[in-house]
Amino acid sequence: MILLLRPSLSSSPCVSDHRNKTFFPLRTTRHVSIRCSSTVQEIDNSEKELRSSSLTFPPLRAAKRVVLVRHGQSTWNAEGRIQGSSDFSVLTNKGLSQAEISRQMLINDRFDACFASPLARSKRTAEIIWGAREEQIIPEYDLREIDLYSFQGLLKHEGQERFGSAFRQWQVDAVNFVIDGHYPVRELWERARSCWPKILAHDSRSVLVVAHNAVNQALIASAIGLGPEYFRSLLQSNCGVSVLDFIPRSEGGSPHICLNRLNQTPGSPIADEKSGGRETNKRIILVCHGSTLSNTEDGFSFAGDRPLDMLGVIQSQKSAELLLDLKVNSIISSPNKACVETAMAISKVQEAADCLGADCVPRHVELKQIGNLDIETIFQQSKMDISSFPTIQSGWLNRIEDVLKTTLWDQSKKIWQSVLDEISDESSTDVAVVVGHPAIHIALLGHCLNLTKEWFGSFHLDAGSISVLDFPEGPKGGGVVRCINYTAHLGRWSIPITRSAEDGE
């Protein structure tokens with residue numbers, strides 16, 4: 001087998017380690033302080049600099065949206081083989097189908113440019129999605145997958161047998177994982193940071209980027225200010241779509257950056273019981289209530305306790321249908337009318353689903369209302385002019401006063417602990433469904449990632465959306481964000497991927 005005949009990679013320069021079928025010129029990455037040829041000590045010093053300063057982006061004259069897509073399933077994905085930045089795998093038939101579904105999902109969306117990793121699996125995915133568009137796909141070598149050196153080409157059990165403790169560290173402490181004298185995750189983060197100036201320098205409003213699992217994680221995390229310790233915290237499934245909005249500041253300087261969507265997949269986001277390859281049996285699902293009688297024109301308003309309108313009823317039913325892939329035993333809801341109606345719709349569908357067969361056993365879904373989830377009163381008591389509160393757009397929480405953020409954050413902390421208790425190891429509940437306003441769900445996302453209130457404006461949620469948080473190591477371990485602002489289940493009522501902030505205005 002060819003893989004057993006290859007020479008050792010540990011003594012070769014980084015760019016020649018990738019075992020690619022296509023040869024690329026040896027080059028160093030511009031604006032990078034951690035290079036692939038660095039020693040462990042050099043990387044330690046550079047990592048200190050990386051943690052002490054956030055990435056600064058150039059000022060933008062207009063809003064820009066970047067849509068990231070991971071390639072479809074490859075032959076090595078299917079085999080369970082470690083790919084890294086090697087280029088021996090190609091798309092499977094399933095991968096080709098996933099890319100085609102993504103093409104259909106994005107066919108009516110406007111893109112001005114497409115950047116893609118030159119590795120075959122990503123290049124082919126980009127070609128399928130880009131279709132007959134006239135502009136040429138821009139190959140960017142720094143969008144290649146993480147460099148894993150001697151791990152590349154090994155089946156996972158082979159990696160465990162040959163590298164023992166190093167392979168274990170790769171699984172449980174990837175940011176400190178060392179192989180062949182390199183810190184692959186730290187190198188990847190610095191490479192991702194160097195990609196952003198190239199992508200944003202392109203004269204375009206909407207950019208498509210097609211790359212890989214780990215590098216997409218690094219691109220997303222580095223954009224919103226998260227370091228390499230967040231590796232594997234933001235899931236990227238095959239052909240999953242993620243969206244970042246770059247919003248100019250009126251005073252100039254680095255733009256506001258908001259993760260508008262994470263990992264919208266061709267298939268259901270809740271069907272897979274694995275999270276980044278790890279088994280998970282504890283899960284929190286955040287469901288935003290649908291459109292209400294007061295917010296159809298203005299997004300989510302704070303004009304009082306209003307019921308769902310007809311669109312909101314449809315959105316709640318669509319969410320209930322999506323959750324049929326799970327067995328939900330309890331639903332936590334705000335006492336707000338729209339939230340209660342959404343929770344009721346989910347519970348009725350769950351209970352009816354168990355009575356469709358001849359041997360039906362009636363099942364009761366418990367509904368719990370938590371007063372702390374009702375955050376509309378917080379906004380109504382603020383000094384802000386609620387009547388003119390802007391339509392919810394990416395980064396809208398950046399606009400609220402600091403005292404309001406503090407109150408909302410402190411209240412959400414109590415809710416987060418209550419939800420974690422719901423899925424505790426001592427509890428029989430594996431899935432907690434929480435129905436509430438997007439502002440409180442954004443705060444819960446922040447608690448899941450161990451962030452602070454300063455990250456409020458870094459996430460966005462739409463009416464009727466679903467976000468999924470997995471806990472492979474239980475609720476006492478770190479959470480993995482499977483998806484944020486998933487709306488594909490809404491069908492014709494879903495939000496277009498490339499709708500810009502300007503369109504929203």
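**Salt bridges in the predicted model**

Lysine 123 is partly exposed, with a relative accessible area of 43%. The model described here is predicted. Glutamate 127 also counts as partly exposed, at 32% relative accessibility. These two residues form a salt bridge, in which the closest N and O atoms are 2.8 Å apart. Both lie in helix α5, which spans residues 120-130. They are separated by 4 residues, about one turn of the helix.

Side chains of opposite charge can pair when their charged atoms come close. The structure holds 16 salt bridges. One of them joins the side chains of arginine 65 and aspartate 245, with an N to O distance of 2.5 Å. This pair links distant parts of the chain, 180 residues apart. Arginine 65 sits in strand β1 (residues 64-70), and aspartate 245 sits in strand β5 (residues 241-247). Arginine 65 counts as buried because its relative accessibility is 5%, under the 20% cut-off. Aspartate 245 is buried as well, with a relative accessible area of 3%.

A salt bridge also connects aspartate 147 with arginine 191, the closest N and O atoms being 3.8 Å apart. Here, too, distant parts of the chain are linked, 44 residues apart. Aspartate 147 belongs to the loop between β3 (138-139) and α6 (156-163). Arginine 191 lies in helix α8, residues 184-201. Both aspartate 147 and arginine 191 are buried. They take part in a network of salt bridges that also includes Glu140, Asp142, Arg144 and Lys198.

Technical notes
Residues numbered from 1 in each chain as written. Predicted model: local features only at pLDDT ≥ 70, side-chain atom pairs only at ≥ 80, totals over all residues. Heavy atoms only, no water. Salt bridge = Lys/Arg side-chain N within 4 Å of Asp/Glu carboxyl O. Helix = DSSP H or I, 4+ residues; strand = E, 2+ residues; numbered from the N terminus. Buried < 20%, exposed > 50% of the residue type's maximum accessible area, 1.4 Å probe, protein only.
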